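Here's a quick briefing to read alongside the model. Have the sequence handy as you go through it.

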Amino acid sequence: MEKRMDSRKRILRKGESQRKDGTYMFRITKDKKRHTIYAPTLKELRLKEEEYFDNISKGLNVDKQKIMLNDLAKVYLENKKKTVQQTTFYTMTITYNSYIRDKIGNIRLKDIKRSMIKGFYLDLLSGEKHLSVSTLARIDCILLPMLEMAVYDDIILKNPARGVIGEIKRECGERPTKVCALNEDEQIAFINYAMNSAKHQNIKNLLIFLLGTGCRVGEALGIRWEDLDFKNNIISINHSVAYIKIDGHYKQIIKRPKSFAGNRKIPMLSDVRKALFAEKEKQLALGITQPIVDGYSNFVFVSERGKLHTRENVATQIKQIVREYNQEHPDNPISEFTTHQLRHTFATQLCKNSDDLKAIQSILGHADISTTLNIYADATQDGINKSMEALEGVMFGK
């Protein structure tokens, strides 16, 4: 049988051929499916052939070698939609579309290398978006497991995103950003001002509830009267309110706690109890109608228009209160803070006044004790400093 050769008289292997434009092609049928490889030169073609057979020997699915990251993302997010809460799915989708889809989404999975992922991350840090490392870590929390799915499905051999974010954190010397609690003077000044401000009467009881329970904002907004046991002074946390975009429109939804630990009972402080009764009296006096959200009603904290507050609305009013207070007290200002800092302030005070870590973890609804320990360590540092100050002049004389 006469051997087939290319235009340079080189013998071609079975399945190889030279095309009219001078480029090369390799065809093979495997498992009744035809695979075609193209290359500009015979040398490059044979390198691709070797890679093809090497992938097969390693068990990789060569039929999916042309899949792009956006194709993988579609499957990954569709699966996540079935298992995670609406808010989580919404955040994941927004994050992927905002930072990943148009940047590296149209690259084939087999062509994505570790250096490419690192370069992509570094561009997000230093480029136009100038993201923080913590925001970058949230992007990695989507991209890393997504690519891991491709490894499990035998599309790629190794996950190119594995270890990249840790390496960047080490190189940048990034330290975790700590949420600062209000000191005692700040929290007293803030609450007293909010309680005596006629402009913010509609939200003052909610602020007392947040500061006196350590609830997340969504949990506080979702509290219903039937979740309150005034006989035993117990607050039951079993759901929360979230505000997300669905079909192009923003709406409030009810969601379950992220973890089993999120379902909990919190003892009711006397100041919180008074605030709740005050809120009830206000609603009755104003004849406020109750909104219905996903079948839930009878909410504790409702605006005068019969609407639930939103996280953004609460955050805006807090900023207004701080700004107004600082204008009236320029010599003793309060630092601006977020809604989450009210929770952290409660947690810090709780840790300062108790050493029962399991009880603290339960009250705060932490799924991981390490989260509680971090707050406890910060809270007790002040006590450590005071203890050492008490030794000043004692050990060696004054």
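This is a predicted model: local features need pLDDT of at least 70, side-chain atom pairs count only at pLDDT 80 or more; totals for chains, interfaces and linings use all residues.

Glu 16 has its bridge partner in β2, namely Phe 26.

- Strand β2 covers residues 24-30 and runs antiparallel to β1, with three bridges joining the two.
- Zooming out, you get an open sheet of three strands, ordered β1-β2-β3, and the pairing is antiparallel.
- The edges belong to β1 (16-18) and β3 (33-39); each has a single partner strand, so one side of each goes without a neighbour in the sheet.
- Going from one strand to the next, the twist averages 25 degrees.

- In soluble globular proteins, nonpolar side chains tend to be buried together.
- Here, the largest nonpolar core has 53 residues, and Phe 190, Leu 207, Phe 209 and Ile 235 are the ones with the most contacts inside it.
- Helix α9 (residues 204-213) supplies the largest share of this core, with six residues.
- Apart from that core lies another one of 34 residues, including Met 92, Ile 100, Leu 147 and Ile 168.
- Back to Leu 207: setting aside neighbours within four places in sequence, Leu 207 touches Phe 190, Ile 191, Ala 194, Ile 318, Ile 321 and Leu 342.

**Confidence**
- Across the protein chain the mean pLDDT is 87, and 93% of residues reach 70 or more.

How values were computed
Residues are numbered from 1 along each chain as its sequence is written. Side-chain values use heavy atoms; hydrogens and water are left out. A nonpolar core is a set of buried Ala, Val, Leu, Ile, Met, Phe, Trp, Tyr and Cys residues joined through side-chain atoms within 4.5 Å. Buried means under 20% relative accessible area, exposed over 50%, partly exposed in between (1.4 Å probe, protein chains only). Helices (H or I, at least four residues) and strands (E, at least two) are DSSP runs, numbered from the N terminus. Contact means heavy atoms within 4.5 Å. pLDDT is the predictor's confidence in each residue, from 0 to 100. Two strands pair if DSSP finds at least two bridges between them. Axes are lines fitted to C-alpha atoms, for helices over the stretch in contact, and angles run from 0 to 180 degrees between N-to-C directions.
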